[in-house]
Amino acid sequence: MNALTLQWHDAGQDKTQNIYEQQPSQNHGTVRIGRDPLRCDIVLSHPTVSGLHVEIFFHHQQQRFYIRNLRSQNPPIVDGRQLVQGEMPLTEGTSISLGQLKLNVTGISTGSIPATILLPPDPPVHIGHQYNPPTPPGTYGLECPKCHKVSPGENLQIGCHWCGTSLAAAVSVLVVRNQGVGSGEWGRSNDQ
């Protein structure tokens, strides 16, 4: 399992938090950081930190953790560079400044488990009015972090064709045939 360790000092205390590639969060596939406890998974109390400031996610194709700016005013500073828009890869030793609060990436661990090739169903499957074409055996798809539908990997730059959400934080999955369910139904196998 891939994990990133953050350390910082806030409200008079040293804090450490591990972020895992598929940990439960308020926004599936990402861990959001800021002052607002209703929107953030890691809540900071420093007044210069925005309510919803940044999010960290694991990019499966790149096999790296990334940080994404969620605040056009008050952008984070990552290793001395302002992150106004988009995302940047994180490495061990990366320094992240949110307002006047500094967080440090003190560790990144990656673990890989070989994927099992599973066969998709023979006939194409229709979901509502959408056509979901069959996928060749062993081909990965990207599970949308919002609607959880699986898109082909080539949609990474385009986004989810069902809801339009960015697939940068998508979970990599294999299409499988569910043996215990009605024939021709799609399932998925987490690549972890």
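**Note on a predicted all-strand chain: salt bridges, sheet and cores**

1. Arg32 has Glu55, a residue of E5, as its bridge partner. The model is predicted, and the points below start from this pair. Strands E3 and E5 pair in the antiparallel sense, over 3 bridges.

2. The two residues of this pair are also joined through their side chains. Glu55 forms a salt bridge with Arg32, in which the closest N and O atoms are 2.9 Å apart.

3. The Glu55 side chain makes a polar contact with the side chain of Thr30 at 3.2 Å, and another with the side chain of Arg68 at 2.4 Å. Leaving out residues up to four places away in sequence, Glu55 touches Asn27, Thr30, Val31, Arg32, Tyr66, Ile67, Arg68 and Leu70.

4. Arg68 takes part in a salt bridge of its own. The side chains of Arg68 and Glu87 meet at 3.0 Å, N to O. Arg68 belongs to strand E6 (residues 64–69) and Glu87 to strand E9, so this pair ties together parts that are 19 residues apart in sequence.

5. Taken together, Arg32, Glu55, Arg68 and Glu87 are linked in a network of salt bridges. One of the salt bridges is formed by the side chains of Arg39 and Asp36, with an N to O distance of 2.9 Å. Arg39 has a relative accessible area of 41% and is therefore partly exposed.

6. In what order do the 5 strands of the open sheet run? The order is E4-E3-E5-E6-E9, and the pairing is mixed. Strand E4 (42–43) and E9 are the edge strands, each of which pairs on one side only.

7. The largest nonpolar core has 23 residues, of which Leu6, Leu44 and Ile67 touch the most other members. Two or more residues of this core come from each of strand E1 (3–10), E3, E5, E6, E10 and strand E11 (101–109). A second, separate core has 5 residues, including Leu142, Cys144, Cys160 and Ala170. In soluble globular proteins, nonpolar side chains tend to be buried together.

8. Leu44, with residues up to four places away in sequence not counted, touches Trp8, Asp10, Ile33, Gly34, Arg35, Val49, Leu98, Leu101 and Leu103.

9. Gly93 lies in the loop between strand E9 (87–89) and strand E10 (95–98). Is Gly93 buried or exposed? With 56% relative accessibility, Gly93 is above the 50% limit and therefore counts as exposed. When residues up to four places away in sequence are not counted, Gly93 touches Asp79 and Val105. Asp79 is 14 residues from Gly93 along the chain, and their C-alpha atoms are separated by 8.9 Å.

10. Some totals describe the chain as a whole. How many helices and strands does the chain contain? There are 0 helices and 17 strands. Of the 192 residues in the chain, 41% are buried. Among contacts with a separation of 6 or more, 42% are between residues 24 or more positions apart. The chain exposes about 10,400 Å², and carbon and sulfur atoms supply 49% of that area.

Methods
Residues are numbered from 1 along each chain as its sequence is written. This is a predicted model: local features need pLDDT of at least 70, side-chain atom pairs count only at pLDDT 80 or more; totals for chains, interfaces and linings use all residues. Side-chain values use heavy atoms; hydrogens and water are left out. Helices (H or I, at least four residues) and strands (E, at least two) are DSSP runs, numbered from the N terminus. Buried means under 20% relative accessible area, exposed over 50%, partly exposed in between (1.4 Å probe, protein chains only). Contact means heavy atoms within 4.5 Å. A salt bridge is a side-chain nitrogen of Lys or Arg within 4 Å of a carboxyl oxygen of Asp or Glu. Accessible areas come from the Shrake-Rupley method with a 1.4 Å probe; for residues, only the protein chains shown count as cover. A polar contact is a pair of N or O atoms within 3.5 Å; within protein, one must be able to donate a hydrogen and the other to accept it, and residues adjacent in sequence count only if both atoms are side-chain atoms. A nonpolar core is a set of buried Ala, Val, Leu, Ile, Met, Phe, Trp, Tyr and Cys residues joined through side-chain atoms within 4.5 Å. Two strands pair if DSSP finds at least two bridges between them.
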